[in-house]
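Student: I have not worked with this structure before. Please take me through some of the terms used for it.

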2 protein chains.
Amino acid sequence: MPADPPVTVSFVPSGRRGTVPAGTTVLDAARALGVDVDSVCGGRGLCGRCQVTLGERPGLPADPGRLSPPSLPETGYAGRRPLAPGHRLACAAQVLADVVVDVPEASQVHRQVVRKEAGRPDVAVDPVLRLHYVELPEPILEQPTGDAERLAAALAAEWGLADVRPDHHVLVALQPALDAGHREVTVAVRDGREVVAVWPGLRDAAHGVAVDVGSTTLAAHLCDLASGAVLASAGRMNPQIAYGEDLMSRVSYAMLEPGGAARLTAAVREALAGLVVTLCEDAGISPEDVLELTMVGNPVMHHLVLGLDPTRLGSAPFALATSGAVTVAASTLGLGVHRGARVYLPPCVAGHVGADAAAMVLAEGPHRSDALLLCVDVGTNAEIVLGDRHRVLAASSPTGPAFEGAQISGGRRAAPGAVERVRIDRATYEPRVRVIGVDAWSDEPEFARRSRRAGVTGICGSGIIEAVAELYLAGVVGSDGTIRPVDSARMVPEGRTWGYRLWEDPEIVVRQADVRAVQLAKAALQAGCRLLLDRAGVDEVDEVRLTGAFGSHIDPLYAAVLGLVPDCDLDRIRSVGNSAGRGSLMVLLSAAARREVEEVTGRVEKVETAVEPRFQEHFVAALGFPHGTFPSPHLASRVALPPPVAPPARGRRRSGGEAPSAVVS
Amino acid sequence: MPADPPVTVSFVPSGRRGTVPAGTTVLDAARALGVDVDSVCGGRGLCGRCQVTLGERPGLPADPGRLSPPSLPETGYAGRRPLAPGHRLACAAQVLADVVVDVPEASQVHRQVVRKEAGRPDVAVDPVLRLHYVELPEPILEQPTGDAERLAAALAAEWGLADVRPDHHVLVALQPALDAGHREVTVAVRDGREVVAVWPGLRDAAHGVAVDVGSTTLAAHLCDLASGAVLASAGRMNPQIAYGEDLMSRVSYAMLEPGGAARLTAAVREALAGLVVTLCEDAGISPEDVLELTMVGNPVMHHLVLGLDPTRLGSAPFALATSGAVTVAASTLGLGVHRGARVYLPPCVAGHVGADAAAMVLAEGPHRSDALLLCVDVGTNAEIVLGDRHRVLAASSPTGPAFEGAQISGGRRAAPGAVERVRIDRATYEPRVRVIGVDAWSDEPEFARRSRRAGVTGICGSGIIEAVAELYLAGVVGSDGTIRPVDSARMVPEGRTWGYRLWEDPEIVVRQADVRAVQLAKAALQAGCRLLLDRAGVDEVDEVRLTGAFGSHIDPLYAAVLGLVPDCDLDRIRSVGNSAGRGSLMVLLSAAARREVEEVTGRVEKVETAVEPRFQEHFVAALGFPHGTFPSPHLASRVALPPPVAPPARGRRRSGGEAPSAVVS
């Protein structure tokens, strides 16, 4: 029999081209040429993942005769992914003549997942866990190897996986699955090595959950690990709040109450398991279908989820039990998912700059950037990262709870009915507001009707920021943070200070103490940023990104007006959503992202605000609006800023325009 | 400061020699020269393991001045291993001049463990699990890595262990141990990679348990993993006997009773946990101190211990769930030992030649032998291995329960009071016996007194073999297995057959059916051996080893007389004890033994008795004593054998001296 004549196959979009014997299937040609074409069933015409179309180039038209005519399994294909018109199964279509084959993005393993947020880095889907379908030979007396060894041989021969190791529970489940699947099974292989699940027959979907374990909120996405598609998203309160609002009170609880750490661990794990159930219900799958999870969190959350005692994180030197990336069985954490599922946690940067900061770095990518980026996760404790492709610095700063609406009069968590946007007329001092869940301003006619249901309940963190900033811009609050009695019925005398009535029913008054709380918080944040600028030897950053459950709701303009962050081109201050959560998603979907976050975290330089002598100096200087000492030319070019208040004679500092003694008292 | 002058250090017994700067410690010199000197504490003068003495050679006398004078920590040494007179701590003594250093065996890591049994291969102690003592630096704010990473760095720097991975429970326990140990901890590292345990301070003993999981008996040894010393040995009945005496009845139970397999698994695991407790009590340690276990067993035991459904092992093709070596967490099996302990099971040869046979191969070492060895584990199911360094063959043969004293009239398990040795006077036909636990023959005066306590309870497997063999040699039983009425009051008529009264009170009669049961069992065993000889293309073996709980109690002479095994030089038929248990011990103590058993098992050729057409032919021919067709020149040269019985006219077979139809009816 003469050898089949060689024909040339060109693949687009990869551009790879080579010759193969006529009669070669498109899938085999793609594999021979290193072209990325997806397949779970290994070319058996079952999974429908390897669909391709005829392409063309000058001199080589899209002539269907260049491929073999459709035959079984294509003509009778009844799988989960129907053949689109003009599509062929790469595993069935044979190359008969020179041809151009187009591999649509949906048929590429490493397809790009397009994220909603503009400017976010895409992540190539490349999960650590993959499904492989294999048919095992029947056991025969003459070949007494075990079925696990037959499985290993098939994975090596068909998928190039050498030396796979089945979990114990897979050994238990293997033969029943082989019986039920008539010797055909699908296995989930992690890192090309650990066989963590087995099912009878063909199974072409595996799911994963990416969690951001916040001290206030647990937020999670459920994904199809193969496509990268987010099938469901959900959040819930972190039930540890019952043991302490902020991190330090939870650490105290763990330290002082016998069994306290274990209770905190049990509470968050139970909530996480419940969150997974919710996600699965939303997506119409079973928790048993979840095979991989990722979790990011600050060091205290990180330790509590893992069952590690967090008390050493409560005081210097903030000694982490472990700082490296951790992989642990989901069953150890009692998450109620598939028995073979693992949980991956990226590394922590330091004792109070956690895996959430590492995930933020991964998602925002200062280390990939030519511009100098400042990324700030604004919360009770702010994580601050400054860097570019040459160097990455990180710090944390204790901003306190003001930004989350706590310890503010009328303060509420960000929930329907909370005031989140505030505008104050510069002439009349009259306010208008928007509340969460109502798509109208309070001075618009439809507001009353639309807000009837939730009502107006209080003011949330972003609302208080806008209120203080607008009061400052309107001249009601001075650059030193003092509320001054302007000519308005909204001014409320309160002892020796004044308040401003933002809302009547219920009454929401911005009090002097509220402004002071915002000043303390923003000065701590700004001072942390300044320390990093000092360390980097620069005065200005190119770009600011506000992230975090709270940071993503701050209007960049007001962040600049109050001076939460150093002065910067207003167009380059952006709220970018939950970066840590996005980083968690990236490490869920991509093994390369895991390597990247582990690599970059290892070289992040930690700046310790608590022991830096200049922190206090920066803090005091930053108390004023927008800043006590540094000018704000970028901001001033866009917004009319009131003149600074002259320093009172009793001020301790001679330079600068602020009265820090009044503020910090 | 001038460099220290080089001096020459010679080590014995290794013979290694090299130059080091004067002032180098003996331990550092040994490490530089690759000399095996033990140390757990890493040269801190704590563990006392590195004791050496001064050696000498011509021209280099044992002059104490060649080493630095004893100083702290030697002079004040108060550790667990006191310094013997003339001994020095290698980590403290410095080399001052050319010197010969003798490293006693007790100070070598890879010291040979001498076994009691003559001729057994020694095993170099080289456990997969080792203890390492490290001192970790205090955490400081400036270096925010976690304590687990500090541990990894110390293990890399001091012990050359790259990329260690702590178990999750070690992460949990690490910081409390560091606190309790003032930053000094000992860790157990498995395979140079997995950190499976951590304790405060110095700990220099780790323990392991090697188990032989027999279908009748669970036998186990508790060892010091560092020295290889067996600290305790214990056995107990396999409680699965309640669900079926033999393997096939247990497989039936697993197949037919809902939840049956799980009950069998729970029963044996519970017994194993109890056995570990017993061993630990005997050795004065806690089950928490057990860090590594090994288990060998036939495929059904292997699967049931692992929680794998054994029903496929009940019929052809005897499909194993897994045939390779398995490592599983001891906690998965509920063994109640240290949380980080693992259980290792060597590979299985085939669906009814299990990890016990693999362990037997390892212990007896046909693959290391120039002579052709036949190793037989005699039990309800006999495992037979034939081989030399060129080729190893294995088979199993269903001998039935006769050899274990079951289904024999008056049969008893081998326990105190059971008849185990029998002699019958060739002239008078009078017997004398020995019973287990009594150190005298029944015709000796002290027998009555010494046997009063246990009494005489019945006859065990080796007793029935000796009884039948002696009856055959005395002419009471013919070569065809028929009991003939000789002139003795001991003959008991039983219908159309005769019995022989071996004992009066209680009455123990060897009946025709008992002889037939022994014939069937021995013929199955001999036939299995013959199949292997056929396959190997030989007629004779150089050496026979009888092993197993039962095989080790068979007198080789009577094994030859009855023809359990092919004729062979009587001096080269030996009972060698529990080879499988010894193999289990070897893989407990030696990583090299694990590699060896995995390698050799992979190339054992399996011979399937059930489908070999010649099995039945060999079986029928082997029914006679010593053998129906093959001559027994080796045996005949040492023992006067009665003439064979002439074949009866109604025999189906024309050749040979037996009456198979009478036997198999």
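Tutor: Helices (H or I, at least four residues) and strands (E, at least two) are DSSP runs, numbered from the N terminus. This is a predicted model, in which local features need pLDDT of at least 70, side-chain atom pairs count only at pLDDT 80 or more, and totals for chains, interfaces and linings use all residues. Residues are numbered from 1 along each chain as its sequence is written, while chains are lettered from A and ligands numbered from 1 in the order in which they are written.

Student: Where is A:Tyr429?

Tutor: A:Tyr429 sits in the loop between β21 (418-424) and β22 (431-435) of chain A. Its phi is positive, about 65°, although A:Tyr429 is not a glycine.

Student: Why is A:Tyr429 called partly exposed?

Tutor: A residue is buried if 20 or more other C-beta atoms, placed from the backbone, lie within 10 Å of its own, exposed if 12 or fewer, and partly exposed in between. A:Tyr429 has 19 such neighbours inside 10 Å, so it counts as partly exposed.

Student: What makes A:Asp191 partly exposed?

Tutor: A:Asp191 has 15 C-beta neighbours inside 10 Å, so it too falls in that class. A:Asp191 lies in the loop between β10 (184-190) and β11 (194-200) of chain A.

Student: How do you know that the length of α10 of chain B agrees with its number of residues?

Tutor: The expected span of a helix is 1.5 Å times one less than its number of residues. For the 25 residues of α10(B) (residues 512-536) that gives 36 Å, and the end C-alpha atoms are 36 Å apart, so the two agree.

Student: Why is α10(B) described as largely enclosed?

Tutor: Of its 25 residues, 20 are buried, so the rest of the structure largely encloses α10(B).
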